[in-house]
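The stops below go from a helix pair to a sheet, then to single residues in loops.

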Amino acid sequence: MAKEKITIQDIADALGISRNTASKALNGTPGIPEETKNKVIKKAIELKYKQFAFVDSESIMPKNPGNIALLTCNLPTLSHFGSFLISGLEIKISSEGYNLSIHIVREAEINALALPNNFEPSKVDGIICIEMFDKRYSEMITDLGIPAIFIDAAADVFYSDLKADFILMENEFSTYAMTKKLIENGHTEIGFIGDYNHCKSFNERWSGFNRAIADCNLETNLSYCITDEDRFFSSETDWLDRQLDNMKQLPTAFVCANDFIAINVMKAIKSKNMQIPEDIAVCGFDDSLESRIVEPHLTTVHIFNNEMGIIAADMLLSRIKNPTKPFQTTHIRTELIIRESTGDPKDLK
């Protein structure tokens, strides 16, 4: 009798590897050799394991693997949302028989509008762009005529400007909801921290912040906001401390463009012997690992990183199969996470 449910152990036994290795390969865990990962995915398809139950291994795995190039200015760190997103990308792309290569684009190459030395357009079937926030360079990439998808984009890009697909996390409404909850909880003096010209996501979060302020019949007070160029936020360890010192009056709450900024704001506030959230409430965006361990735990917005990577891969692979279909812009749902940095979580539910 055929076994009803295929497990990871079945896949591992069939390949003569450990269950732990098979599990890591299926989950896109870094450090697993590409050859091993592909073997595990192929065997999962063959045995019809879970999400591969209705996949035809013969039709999904091309005899000659294709190549997908990931271009990025900043390779995501373990705490960055992009690292988990790449995991989803990798497993989906591998399951379709494509190899994923990563190319770091240096500042000199952006200024010269030059491709990375190891990037050969004739050998690339599709391009994924992460952390690519220069409009002219983005235009150059799409002018190559290779199917491309941008995960986030330059703040000044109109989606119709580029012949490419776009995928972003939902930014505006989640920041709107977070800001509005702060106002409903009594905060009327709220500042925004982050360079809203850094990227499309930050720009949308700035829009959500301003919309919530306006809808509650308040006015955005720019003296409470720090919107300098993004590079300054990591340039000097005491830079944010100095920005807060320059404020004539501090707000009662800060909405930050991401968790990295929020956690540094929290450090700057604590260095002034002020309490969070009693003196100033702070919230971020990303639901990074650090947001869950910083004290107090950070109110933030959860991004479904892995799923977003899989959807991005699906969009690109669909574009490769059908290059003439209309270009698509997709926002993936996010989820507001209330924690102690904005007060008692039950008060902001």
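Axes here are lines fitted to C-alpha atoms, for helices over the stretch in contact, and angles run from 0 to 180 degrees between N-to-C directions. Helices (H or I, at least four residues) and strands (E, at least two) are DSSP runs, numbered from the N terminus. The model is predicted: local features need pLDDT of at least 70, side-chain atom pairs count only at pLDDT 80 or more, and totals for chains, interfaces and linings use all residues. Residues are numbered from 1 along each chain as its sequence is written, and side-chain values use heavy atoms, with hydrogens and water left out.

**Helix pair.** Select residues 172-184 (α8) and 200-215 (α9): the two helices pack at about 40°, their axes 7 Å apart. That angle makes α8 oblique to α9; angles under 35 degrees count as roughly parallel, over 145 as roughly antiparallel, 65 to 115 as roughly perpendicular and the rest as oblique. The crossing of α8 past α9 is right-handed, that is, the near helix is turned clockwise from the far one by less than a right angle.

Now show side chains. From α8, Glu172, Thr175, Tyr176, Thr179, Lys180 and Ile183 meet residues of α9, among them Glu204, Arg205, Phe209 and Ile213. Contact means heavy atoms within 4.5 Å.

**Sheet.** Next, select β6, β7 and β8, which form an open three-stranded sheet in that order with parallel pairing. Two strands pair if DSSP finds at least two bridges between them. At the edges are β6 (190-193) and β8, each pairing on one side only. From one strand to the next the twist averages 20°. Four bridges join β6 to β7 (residues 253-256); to find one of them, pick Ile190, whose partner in β7 is Ala253. Bring α9 back: this helix packs on the sheet, touching β6 and β7, and its direction makes about 175° with that of β6.

**Cis prolines.** Go to Pro277, in the loop between α11 (259-271) and β8 (281-283). The peptide bond from Ile276 to Pro277 is cis, with omega near 10°. Then move to Pro296, in the loop between β8 and β9 (300-303). The bond from Glu295 to Pro296 is also cis, with omega near -10°.

**Positive phi.** Which phi does Asp152 have? Its phi is positive, about 70°, although Asp152 is not a glycine. Asp152 sits in the loop between β4 (148-151) and β5 (165-169) and counts as buried at 7% relative accessibility. Last, select Asn217, in the loop between α9 and α10 (239-245). Asn217 is not a glycine either, and has a positive phi of about 60°. At 72% relative accessibility, Asn217 counts as exposed. Buried means under 20% relative accessible area, exposed over 50%, partly exposed in between (1.4 Å probe, protein chains only).
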